[in-house]
Amino acid sequence: MSSIYGINRGHAESAVFSGKKQNIASASYMKLKDEQWEKLEPMLRGKEGDAGARGRDNRLFIDAVLWISGSRRLWRDLPLRFGKWNTAYMRFMRWNQSNLWHRLAENIKDDPRLQAAFDNIVDYGDEWTLRIKQRASRRVSREAYDAAAKQASVEAAPAGDDSTLHWLSLVNQTLPPG
């Protein structure tokens, strides 16, 4: 359902993102209007005349990011009308890593609704960046712990064939002396 203001309501489900549970029905996302798109289009990457690869449909991509950031859903829940979720996610992350979302948010001060939507995208991107850094930190900690545990077990093991020494010690313990 859409309104004259370009707001669409999400499904009546719950979502959890960064520890915050919210009702999707109350979360709304903004669909770009033509005049908003005309302001954004010259500032985007991948347009005709830019070096490198061109964005297939920047407007559809921006709408997808507005949907994701407004509804706080997982990327794999992105409706097919926006294209493949993993392609949109990778493009979102590239733009996020290059601070393009921050630059766009700074350059659209004249439209408060668009500014609020892009501030939401910036916040969403910052949350994803933080999650990625936390996962990397946990992985490094886990790898360091595993390496230390492996090193400790190697240092504690007796020299020689572990299985043979183990069986010999068991036999010596059970045989009566003499």
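Start by selecting Lys 39 and Asp 110: the two form a salt bridge, with 3.6 Å between the closest N and O atoms (a salt bridge here is a side-chain nitrogen of Lys or Arg within 4 Å of a carboxyl oxygen of Asp or Glu). Lys 39 sits in helix α1 (residues 34–40), while Asp 110 is in the loop between α4 (100–106) and α5, so the pair links distant parts of the chain, 71 residues apart. Helices are DSSP runs (H or I, at least four residues), numbered from the N terminus.

Before moving on, a word on what you're looking at: this is a predicted model, where local features need pLDDT of at least 70, side-chain atom pairs count only at pLDDT 80 or more, and totals for chains, interfaces and linings use all residues. Residues are numbered from 1 along each chain as its sequence is written, and side-chain values use heavy atoms, leaving out hydrogens and water.

Now color that pair by accessibility. Lys 39 is partly exposed at 32% relative accessibility, and Asp 110 is exposed at 57% (buried means under 20% relative accessible area, exposed over 50%, partly exposed in between, with a 1.4 Å probe and protein chains only).

Next, select Glu 127 and Arg 72. Their salt bridge has its closest N and O atoms 3.4 Å apart. Glu 127 lies in helix α5 and Arg 72 in the loop between α2 (58–71) and α3 (85–97), so this contact ties together parts that are 55 residues apart in sequence. Are these two buried or exposed? Glu 127 is buried, at 17% relative accessible area, and Arg 72 counts as buried too, at 13%.

Step along to Arg 73 and pick Asp 77 with it: their side chains meet in a salt bridge, 3.4 Å from N to O. Arg 73 is buried at 13% relative accessibility, whereas Asp 77 is partly exposed at 31%. The whole structure has 5 salt bridges.

Last stop: select Arg 135, Arg 138, Arg 139 and Arg 142, which gather in a patch of positive charge on the surface. Patch members have over 30% relative accessible area and no salt bridge, with like charges joined within 9 Å and nonpolar side chains (Val, Leu, Ile, Met, Phe, Trp, Tyr) within 5 Å. Zoom in on Arg 139, in helix α5 (residues 112–156); Arg 139 is partly exposed, at 42% relative accessibility.

Note on methods. Accessible areas come from the Shrake-Rupley method with a 1.4 Å probe; for residues, only the protein chains shown count as cover. Lys and Arg count as positive and Asp and Glu as negative; His and the chain ends are not counted. The place of a charge is taken as NZ of Lys, CZ of Arg, CG of Asp or CD of Glu. Helices (H or I, at least four residues) and strands (E, at least two) are DSSP runs, numbered from the N terminus.
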